[in-house]
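Here is a short report for a reader new to this structure.

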Amino acid sequence: MTTFPTLYPGSIQPHPDEIDAVRFWSINEIMENLGKDVFTPNFENEFREVILPAISGKEYGG
């Protein structure tokens, strides 16, 4: 598996005909909901393998 993280400086504007809702999650909210069938298995796997190692040692407010 290859993941390419990126930063986007613009505003995110999902097309209203393609999505029901949009929300941003804090790291703590994501961690609290892992394994609860809230996220796709692919997202959970990439979160654990890519995001958590990248942020290890950092604390985030919920």
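Arg-48 is partly exposed, with a relative accessible area of 42%. This is a predicted model. Arg-48 forms a salt bridge with Glu-44. The closest N and O atoms of the two are 3.4 Å apart.

Both residues belong to helix α2, which covers residues 41–55. Arg-48 and Glu-44 are four residues apart there, so about one helical turn separates them. Glu-44 has a relative accessibility of 9%. Glu-44 therefore counts as buried, because the cut-off for buried is under 20%.

## The other salt bridge

How many salt bridges does a search of the whole structure find? The search finds two. Side chains of opposite charge can pair when their charged atoms come close.

Besides the pair in α2, Arg-23 forms a salt bridge with Glu-29. Here the closest N and O atoms are 2.8 Å apart. Arg-23 counts as partly exposed, at 45% relative accessibility. Glu-29 is partly exposed too, with a relative accessible area of 25%.

## A nonpolar patch

Which residues form a nonpolar patch on the surface? They are Tyr-8, Ile-12, Ile-19, Val-22 and Phe-24. Together they have about 590 Å² of accessible area.

Take Ile-19 as one of these residues. Ile-19 lies in the segment before α1, the helix of residues 27–33. The relative accessible area of Ile-19 is 39%, so this residue is partly exposed. That value passes the patch cut-off of over 30%.

Terms used
Residues are numbered from 1 along each chain as its sequence is written. This is a predicted model: local features need pLDDT of at least 70, side-chain atom pairs count only at pLDDT 80 or more; totals for chains, interfaces and linings use all residues. Side-chain values use heavy atoms; hydrogens and water are left out. Patches are made of residues with over 30% relative accessible area and no salt bridge: like charges are joined within 9 Å, nonpolar side chains (Val, Leu, Ile, Met, Phe, Trp, Tyr) within 5 Å. Accessible areas come from the Shrake-Rupley method with a 1.4 Å probe; for residues, only the protein chains shown count as cover. A salt bridge is a side-chain nitrogen of Lys or Arg within 4 Å of a carboxyl oxygen of Asp or Glu. Helices (H or I, at least four residues) and strands (E, at least two) are DSSP runs, numbered from the N terminus. Buried means under 20% relative accessible area, exposed over 50%, partly exposed in between (1.4 Å probe, protein chains only).
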